[in-house]
Amino acid sequence: YSISPENKYFSVSFGSRSEDDKYLELVLEKPVDREEHAEMSFSIIAEDGGSPARSCTTQVQIVILDANDNAPSFTKEVYIAKVLENMPEGSVVLNVLATDQDAGVNGDISYQLSQAVGQSDSTFVIDPRTGEIKLTKPLDFEESEHHEIRVRATDGGGLSAICKVLVEVVDVNDNAPELAVSSFSSPLPENTAPGTVVALFTVRDRDSGANGKISCALHDQLFFSLRPAYKNYYELVTVSTLDREHTAQYVLRVTAADAGSPPLTSTHTFTVDISDVNDNAPVFNQTSYTMYVRENNVPSVLVGAVSAADADEGLNAKVTYSLAPGPAAERPSCSCISVNSENGHVFVLRPLDYERLKHTEVTVSASDAGSPPLRANVTVRLVVLDENDNAPLVLYPAQDSSPASSELVPVAAQAGYLITKVVAVDADSAQNSWLSYHLLRATEPGLFSVAVQSGEVRLKRPVTERDSVKHKLLVLVTDNGKPPLSATAALSALVLKDFSDVRLPHSSPPADEHGDSLTTSLIISLVFVSLLFLVSSAVFVARKVCKSKELKAAHVLYGADNLQSGLADAAAAGTLPRAYCYEISLTTGSANSEFQFLKPILPSLPAQPCATGQGPEQHEQHFPCVPVSTEDTAPDNAGTLSAGQFN
């Protein structure tokens with residue numbers, strides 16, 4: 001047996017212990033190193049003793065197992081790291097690295113801190129697998145400028161190695177300036193004079209050199225400013241007048257900065273409250289107020305409110321209300337108005353009448369509780385609203401205790417003939433005084449009509465023989481209020497046969513005070529012409545009687561059928577001022593007459609002599625005078641007399 005010559009570590013040993021017991025051994029000639037050759041491969045040749053010799057070959061693979069014969073080894077004996085003192089917790093300082101040539105467990109390395117010089121072990125921590133060293137807390141250059149630690153690397157077989165780690169702390173500007181307040185005044189009155197010291201404070205920095213040099217600044221320098229006092233002392237002072245109503249509180253930020261790179265700053269906030277001074281008078285939310293109340297109101301009714309605000313606060317802003325006295329030259333204000341001193345509610349103390357007081361004005365004063373108090377005035381106008389509390393008043397025809405007037409209507413009047421006009425007024429205003437007229441009741445409803453707006457009473461149709469001589473009408477006058485109020489006007493109409501629109505003087509309606517002056521002149525002219533006509537007729541009749549030489553038959557007639565009834569009604573209505581006598585002259589032998597006469601209404605009354613106007617030497621004929629009856633019953637004993645002429 002033989003082994004391939006390139007193999008230096010193994011040899012072949014063979015022999016026999018007996019004829020049947022032969023052996024072959026592979027012998028290690030010198031130690032092997034796994035780190036140099038982890039595996040070896042060679043051939044063993046077996047050759048016999050024949051000639052020629054025969055042989056065969058087998059391949060042998062040798063795997064060398066590891067032994068922990070190598071300790072870990074660091075890449076450096078001393079590691080140096082520089083760390084800023086403001087590095088946060090968990091920051092990586094550096095990584096240490098150790099190697100082990102062994103394999104498997106023998107080559108697995110773990111790291112741990114072996115020693116920390118000048119610093120507790122709690123400052124640093126190392127990752128046992130990666131060798132990464134981290135900070136457990138920030139470093140402080142002012143406490144220690146460097147740190148020395150030792151790191152041990154151990155393999156799985158127990159072999160270890162140690163290295164040194166030097167950590168140098170680099171100083172940074174990590175100390176911000178500090179501000180300490182010595183004195184501070186708050187609140188400040190809003191009338192504080194400029195230049196008043198509000199606060200005194202000092203600043204310092206733990207750093208040295210440029211990092212310890214401090215400068216201070218105030219963000220808002222419109223009303224306040226900083227003024228250096230002594231060394232690191234500063235004063236916070238006012239520079240202008242303060243106004244609490246504009247700004248009630250000032251938040252001032254003072255910033256102190258050092259000269260480091262980058263510079264560190266610290267900010268201190270001063271909250272300055274401004275106390276109130278009574279420098280603002282109350283102000284009403286309106287320049288004037290107009291309030292409304294309906295007449296006939298209940299006493300102490302609320303009609304509105306005034307409101308004033310004061311920009312001050314506290315007692316300076318507490319507003320009270322009162323009625324201010326008016327100027328002495330003006331008419332005193334209405335005493336029916338009251339104002340609540342606390343809330344400004346305005347009340348009307350007693351019922352008002354629109355017809356007596358349509359509006360009034362008072363002055364309301366608002367005063368604060370400051371010292372001295374400030375006040376403001378405002379005008380309150382109270383307008384009384386009309387209620388429909390006045391019924392229409394009929395002016396014509398008069399509705400007093402005297403008998404109702406009668407209107408004369410000619411028989412020949414056509415439809416639309418104006419009989420009279422009902423005149424009425426209403427003390428209310430606006431729509432409450434709008435009047436409408438309606439025919440409420442009439443003897444002949446179909447004969448008359450009343451204009452709704454003007455109150456004119458007219459014929460609705462021509463008069464017929466079937467119509468009565470006397471008619472009574474009741475006109476309803478209604479206003480336009482809610483609910484409406486009304487009044488009635490009673491009047492009479494007499495239908496006359498031989499009169500054409502004759503009006504007795506006092507039966508004419510009084511001129512409307514709001515009417516046209518031309519209408520009044522026409523009425524006066526009509527009355528004058530009527531009187532002149534009556535006087536002329538009377539003179540003519542008297543003259544005819546005096547010239548009559550012979551009268552064989554003389555009878556006092558009481559009037560034609562329609563005339564007599566009409567005169568009686570007129571007398572009853574009070575439209576005839578006095579009694580009248582009528583004379584009738586008839587010629588002898590008059591057989592026919594176109595007049596129809598009535599028999600005496602009151603035959604039992606004695607006849608009164610009626611003068612004919614002749615002198616005492618002349619023959620005086622006496623005719624009975626007819627007293628006007630107040631009864632409106634038409635006589636039924638009408639007869640026809642033979643007469644010559646009726647004057």
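R294 counts as partly exposed, at 47% relative accessibility. Here buried means under 20% relative accessible area, exposed means over 50%, and partly exposed lies in between (1.4 Å probe, protein chains only). This is a predicted model, in which local features need pLDDT of at least 70 and side-chain atom pairs count only at pLDDT 80 or more, while totals for chains, interfaces and linings use all residues. Residues are numbered from 1 along each chain as its sequence is written, and side-chain values use heavy atoms, with hydrogens and water left out.

**Salt bridges**

What does R294 pair with? R294 forms a salt bridge with E387, and the closest N and O atoms are 3.2 Å apart. This pair links distant parts of the chain, 93 residues apart: R294 sits in strand β24 (residues 288-294), and E387 in the loop between β31 (375-385) and β32 (393-396). E387 is partly exposed too, at 25% relative accessibility. A salt bridge is counted when a side-chain nitrogen of Lys or Arg is within 4 Å of a carboxyl oxygen of Asp or Glu. The strands and helices named in this report are DSSP runs, numbered from the N terminus; helices (H or I) have at least four residues and strands (E) at least two. As background, side chains of opposite charge can pair when their charged atoms come close.

How many salt bridges does the structure hold? The structure holds twelve salt bridges. Another of them joins E361 and R381, with the closest N and O atoms 3.4 Å apart.

| Acidic residue | Basic residue | N to O distance |
| E387 | R294 | 3.2 Å |
| E361 | R381 | 3.4 Å |

**Surface patches**

Which residues form the negative surface patch? E142, E143, E145 and D171 do. D171 is found in the loop between β14 (160-170) and β15 (178-184) and is partly exposed, with a relative accessible area of 36%. Patches are made of residues with over 30% relative accessible area and no salt bridge; like charges are joined within 9 Å, and nonpolar side chains (Val, Leu, Ile, Met, Phe, Trp, Tyr) within 5 Å. Asp and Glu count as negative and Lys and Arg as positive, with His and the chain ends not counted. The place of a charge is taken as NZ of Lys, CZ of Arg, CG of Asp or CD of Glu.

A nonpolar surface patch of about 310 Å² is made by Y1, F14 and L24. Its area comes from the Shrake-Rupley method with a 1.4 Å probe. L24 belongs to strand β3 (residues 22-28) and is partly exposed at 40% relative accessibility.

**Backbone details**

Most residues other than glycine have a negative phi, and most peptide bonds are trans. Against that background, a cis peptide bond joins S371 and P372, with omega about 0°; P372 sits in the loop between β30 and β31. The peptide bond from K482 to P483 is cis as well, with omega near -5°, and P483 lies in the loop between β39 (470-479) and β40 (486-496).

Where is N296, whose phi is positive? N296 is in the loop between β24 and β25 (301-305), and its phi is near 65°. The loop between β24 and β25 also holds S300, with a positive phi near 60°. N296 is partly exposed at 46% relative accessible area, as is S300 at 44%.

**An annotated helix**

UniProt, in an unreviewed entry, lists residues 522-542 as "transmembrane region". UniProt positions are given in the numbering used here, feature names are shortened, and annotations may be inferred rather than shown by experiment. In the model, the span 522-542 is 100% helix and 0% strand, with its end C-alpha atoms 30 Å apart.
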